[in-house]
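Let's walk through this fold together, one piece at a time. Please keep the sequence and the structure side by side as you read.

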Amino acid sequence: MSDSETAQASSASWTARWTWGRQSGFVLVVALAGLVLDQASKLWLLHGFGLAGRGPVPLLPILDLTLVWNRGISYGLFQQDGAIGRWGLAAATLIAAVGLWIWSVRAGHRFLALALALVISGAIGNGIDRLAYGAVVDFIHFHVGDFSWYVFNFADVWIVAGVCGLLYDGLKSGPNSAAK
């Protein structure tokens, strides 16, 4: 084997270790399913149902459909009205999604892969909104009496569920699992 062939083989194995792993097919399917559900719900509510022109739509005594354009991140933090902030958040989303994918390539079990897939799906879903609309489309408003939770979307649900899964996995695995 020549030096050129050895370098190509080494490069290919390095790339494979960083781009595809045992759980990658599962992560891809879950992330795509979550992304499709998130984006389909937003497109239908905006363009099919016309939520922008309807105002709040009560579904249950504790749940309304309410359109909110979130120009920040979770809980409306770091609101960005300018193009630089919008593109900065979009770039941060892309970097986070790539980092989470690389982590998922090394996922040793299905639960961790599921948690990572959910966070990836939610991040990409909200990132698409930022690129398409300049803000994230939020529409689910949970409230009980005078208590009003923030307005969110399915991508936010995926992110929260995925982060809870990551926390559970980290606690279940114990403090020394990263060193193994």
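Helices (H or I, at least four residues) and strands (E, at least two) are DSSP runs, numbered from the N terminus. This is a predicted model, where local features need pLDDT of at least 70 and side-chain atom pairs count only at 80 or more, while totals for chains, interfaces and linings use all residues. Residues are numbered from 1 along each chain as its sequence is written, and side-chain values use heavy atoms, leaving out hydrogens and water.

Start with the sheet. Its four strands form an open sheet in the order β1-β2-β3-β4, with antiparallel pairing (two strands pair if DSSP finds at least two bridges between them). β1 (57-60) and β4 (147-152) are the edge strands with a single partner each, so one side of each has no neighbour in the sheet. From one strand to the next, the twist averages 35 degrees. Strand β3 (residues 136-144) is joined to β4 by four bridges.

Contact here means heavy atoms within 4.5 Å.

How do the two helices meet? Helix α5 (residues 110-133) packs against helix α6 (residues 154-173) at an angle of about 150 degrees, with axes 7 Å apart. That makes the pair roughly antiparallel (over 145 degrees; under 35 is roughly parallel, 65 to 115 roughly perpendicular and the rest oblique). Among the residues in this contact are F111 and L112 of α5 and W158 and I159 of α6.

Key:
Axes are lines fitted to C-alpha atoms, for helices over the stretch in contact, and angles run from 0 to 180 degrees between N-to-C directions.
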